[in-house]
Amino acid sequence: MIVKNNLINDLQQISDSHNKIITVEAAGEKNISRALLSLMAEDGRLNRIAKGIYTLPETIPDELYILSLFSDNIIFSHETALFCNGLSE
């Protein structure tokens, strides 16, 4: 079905351009509703990580990135900052 393929392609594009995360806001830009995302999560076609945040089923979410979505003022320090900047193993 063309509509289903377009939807999957749109969600994959959103995921690829947003660090493997699909937000309600990004989906809305592609005219994908909150209700559709919720239904897809109930059916197992998406994973609901938090309110308004989803991933594709095969995705391993970046927890630090998700945490940073909740605050513009978040600061990572010490070992976490080193890791985020590629300065540790």
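Visitor: In this predicted model, is Asp62 buried, partly exposed or exposed?
Guide: Asp62 sits in the loop that joins β3 (53-55) to α4 (63-69). Residues under 20% relative accessible area count as buried and those over 50% as exposed, with partly exposed in between. Because the relative accessible area of Asp62 is 33%, this residue is classed as partly exposed.

Visitor: Which backbone atom does the side chain of Asp62 reach?
Guide: Asp62 belongs to the loop between β3 and α4, the helix that spans 63-69. At 3.2 Å from the side chain of Asp62 lies the backbone nitrogen of Leu64.

Visitor: What distance separates the C-alpha atoms of Asp62 and Lys20?
Guide: Lys20 is placed in the loop between α1 and β1 (22-23), whereas Asp62 is placed in the loop between β3 and α4. Along the chain these two residues are 42 residues apart, and their C-alpha atoms are separated by 8.0 Å.

Visitor: Is Asn31 buried or exposed?
Guide: Asn31 is located in the loop between α2 and α3, and its phi is positive, near 60 degrees, in a residue other than glycine. The limit for exposed is over 50% relative accessible area. Since Asn31 has a relative accessible area of 72%, it is exposed.

Visitor: Which residues does Ser15 touch, not counting residues up to four places away in sequence?
Guide: Ser15 has its place in helix α1, and with a relative accessible area of 1% it is buried. Leaving aside residues up to four places away in sequence, the contacts of Ser15 are Lys20, Ile21, Ile22 and Leu56.

Visitor: Which residues of the largest nonpolar core touch the most other members?
Guide: The largest nonpolar core has 13 residues, and helices α1 (2-17), α2 (24-29) and α3 (34-42) each supply at least two residues of this core. The members that touch the most others are Leu11, Ile22, Ile32, Leu37 and Leu46.

Visitor: Which residues does Leu46 touch, not counting residues up to four places away in sequence?
Guide: Leu46 is one of the residues that touch the most other members of the largest nonpolar core. With residues up to four places away in sequence not counted, Leu46 touches Leu11, Ile22, Leu37, Met40, Ala41, Tyr54, Thr55, Leu56 and Pro57.

Conventions
Residues are numbered from 1 along each chain as its sequence is written. This is a predicted model: local features need pLDDT of at least 70, side-chain atom pairs count only at pLDDT 80 or more; totals for chains, interfaces and linings use all residues. Side-chain values use heavy atoms; hydrogens and water are left out. A nonpolar core is a set of buried Ala, Val, Leu, Ile, Met, Phe, Trp, Tyr and Cys residues joined through side-chain atoms within 4.5 Å. Buried means under 20% relative accessible area, exposed over 50%, partly exposed in between (1.4 Å probe, protein chains only). Helices (H or I, at least four residues) and strands (E, at least two) are DSSP runs, numbered from the N terminus. Contact means heavy atoms within 4.5 Å. A polar contact is a pair of N or O atoms within 3.5 Å; within protein, one must be able to donate a hydrogen and the other to accept it, and residues adjacent in sequence count only if both atoms are side-chain atoms.
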